[in-house]
Amino acid sequence: MPDYQIFEAGDVVLQSGLTYRGARLAYRTYGTLDANKSNVIVYPTSYGAQHYDLEWAIGEGRALDPTRYFVLIPNMFGNGLSSSPSNTPAPVDRARYPHFTMTDNVQVQQRLVQEVFGVERVRLVYGFSMGAQQAFHWAALFPDRVERIAPICGSAKTSPHNFVFLEGVKAALTADPAWQDGWFATPPTRGFQAMGRVYAGWGLSQAFYREEEWRKLGYSSLEDFLVGNWEGGFRRRDANDLLAMLWTWQHADISANEIYRGDLGKALGAITADAIVMPSETDLYFTVEDNRREVALMPKAELRPIPSSWGHRAGNPAQNAEDAKFIDIAVRELLAR
């Protein structure tokens, strides 16, 4: 039996103008909603992740404490649990799956929060990577409904360099002859392997590899780490699902909607939520400088870089106690304000 629930969102008109019929948003909750409905934390998923992968950050004594807060993890469209290429019926299955933007995702998430739980205001939106991008979108699209955001290793708009990095990841996956333009009969295993190798050089820093930090994760050699961690991680997922999420990531932009009409400064300035924005000092694609420029335009935001050699993964430190403590302290402080 699945350990999550489904929000039947009905027919959703996407920003592209296409309609996704019978949209299903998978979600899981932790803790109890209080009488005032004032203890809600929304925790969106990141690239390739499902709610199972995020549960490590939720627990008694942590910042995301289910004995104090009602934590809601909505699974992003395309992640294999919510409506995705791998579970959508014809004629819009697999390679014909329509693109969901971050705005499309967050608008359905807000409907879930309001229609299912009757919640008008969210205490915090906490997110890593693409989850951080969703946190920014929540705050810009619904400024009167979001009190705080904690975007970790993510940006309000995907930078051109980040876009190009993802083009390399996409090219590695789709170069496999088995890919067949998304209509593959068997999974593109070589593409997954190539994708893992490309991503491995970007997801972690030069210092991480120089100091052989992968040994702390139980790997016996660099090759063991590349195969077991990176190749193995991507092979858990469907190739079309990964590309659907990648497209959403590439086109993330809090100003790409009818409210702000491409004016990023206006969108950032409209974020009234109290914010601690936490990039990793060694992240190679969600950089400190990109966040610095964004925070400068946000009324109530603080930039607090994570001093870590773990690159992008400093923001999701399931196996890295030092970075986990840094983030936990910041989120506790934010929630206490």
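**Exercise 1. Find which residues N162 contacts beyond its neighbours within four places in sequence, and decide whether N162 is buried or exposed.**

*Solution.* Start with the contacts, where contact means heavy atoms within 4.5 Å. Setting aside neighbours within four places in sequence, N162 is in contact with W249, Y285 and F286. Helices here are DSSP runs (H or I, at least four residues), strands are E runs of at least two, and both are numbered from the N terminus. Finally, N162 has a relative accessible area of 0%, so it is buried (buried is under 20%, exposed over 50%, partly exposed in between, with a 1.4 Å probe and protein chains only).

A word on the model before we go on. It is predicted, so local features need pLDDT of at least 70 and side-chain atom pairs count only at pLDDT 80 or more, while totals for chains, interfaces and linings use all residues. Residues are numbered from 1 along each chain as its sequence is written, and side-chain values use heavy atoms, leaving out hydrogens and water.

**Exercise 2. Describe the surroundings of G269.**

*Solution.* First, locate G269 in helix α9 (residues 264–269). Its relative accessible area is 34%, so G269 is partly exposed. Not counting residues up to four places away in sequence, G269 touches L297 and P299. Now look along the chain: A140 is 129 residues from G269, yet their C-alpha atoms are separated by 8.6 Å.

**Exercise 3. Work out how helices α5 and α7 pack.**

*Solution.* Two packed helices are described by the angle between their axes and the distance between the axes. For α5 (residues 189–203) and α7 (residues 222–234), the angle is about 115 degrees and the axes lie 8 Å apart. The axes are lines fitted to C-alpha atoms over the stretch in contact, and angles run from 0 to 180 degrees between N-to-C directions. This makes α5 roughly perpendicular to α7 (65 to 115 degrees; under 35 is roughly parallel, over 145 roughly antiparallel, the rest oblique). On the α5 side, the contact residues include F192 and Y199, and on the α7 side they include L226 and W230.

**Exercise 4. Identify which residues touch the most other members of the largest nonpolar core.**

*Solution.* A nonpolar core is a set of buried Ala, Val, Leu, Ile, Met, Phe, Trp, Tyr and Cys residues joined through side-chain atoms within 4.5 Å. Of the 60 residues in the largest one, Y47, L64, Y126 and V331 touch the most other members. Helix α8 gives the most to this core, with six residues.
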